[in-house]
Amino acid sequence: MNTVPLAGDTPPKPNTGKGRLIICRNCREEKRYYADHLCSACWKRWDGAGRPAEVPPPRKRGQAAAMPSRLRDYVIASDSGTMSAAKTAKRLGVSPRTVYRYRARLRQGEVPA
Ligand SMILES: [Zn+2]
């Protein structure tokens, strides 16, 4: 089995090499290889999501990009914001601070994904 080198003049490096350019299998962009045929951004997103079967889609919403679907969990757990922060935090297993952050994001118009 031959490995197909990527287009370009750079000679192929050993397969295990971090930092070589690959086409990331998730975002399809030419990025530096991190692991599992993913760029570091995709890999970290995947890892952070608990390594599901599918790599979570990239977030392109600027700043508060972390904990994407958590926002929806918050909306559900808080009964659309009617439950107290403390109770909601307990339900979600997060700190009340995190709940306040969710609230702030919703106020800023972010739509739970
Ligand atoms: Zn990627």
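A residue counts as buried if 20 or more other C-beta atoms lie within 10 Å of its own, as exposed if 12 or fewer do, and as partly exposed in between. This tour of a predicted model applies that scale at several stops.

**First stop: Cys-42**

Please select Cys-42, which is placed in helix H1, residues 40-48. Cys-42 has 24 C-beta neighbours inside 10 Å and therefore counts as buried. Next, display Cys-24, Asn-26, Cys-27 and Val-55: Cys-42 touches these residues, when those up to four places away in sequence are not counted.

Now select strands S1, S2 and S3. They form an open sheet in the order S1-S2-S3, and the pairing is antiparallel. The edges are formed by S1 (21-23) and S3 (38-39), each of which pairs on one side only. To examine one pairing, select S1 together with S2, residues 30-35; these strands are joined in the antiparallel sense over three bridges. Within this arrangement, Ile-23 is found opposite Glu-30 of S2.

Is His-37 buried, exposed or partly exposed? It has 13 C-beta neighbours inside 10 Å, and so counts as partly exposed. Most residues other than glycine have a negative phi. His-37, although not a glycine, has a positive phi of about 60°.

Select H2 (residues 70-77) and H3 (residues 85-92) together. Their axes come within 9 Å and cross at roughly 125°. To see the contact itself, display Asp-73, Tyr-74 and Ala-77 on H2, and Thr-88, Arg-91 and Leu-92 on H3. By class, this contact of H2 with H3 comprises three nonpolar residues, one polar residue and two charged residues.

Finally, select Asp-79 in the loop between H2 and H3. Asp-79 counts as exposed because it has 11 C-beta neighbours inside 10 Å.

Notes
Residues are numbered from 1 along each chain as its sequence is written. This is a predicted model: local features need pLDDT of at least 70, side-chain atom pairs count only at pLDDT 80 or more; totals for chains, interfaces and linings use all residues. Axes are lines fitted to C-alpha atoms, for helices over the stretch in contact, and angles run from 0 to 180 degrees between N-to-C directions. Helices (H or I, at least four residues) and strands (E, at least two) are DSSP runs, numbered from the N terminus. Two residues are in contact if their C-beta atoms, placed from the backbone, lie within 7 Å. Ala, Val, Leu, Ile, Met, Phe, Trp, Tyr, Cys and Pro count as nonpolar, Asp, Glu, Lys and Arg as charged, and the others, Gly among them, as polar. Two strands pair if DSSP finds at least two bridges between them.
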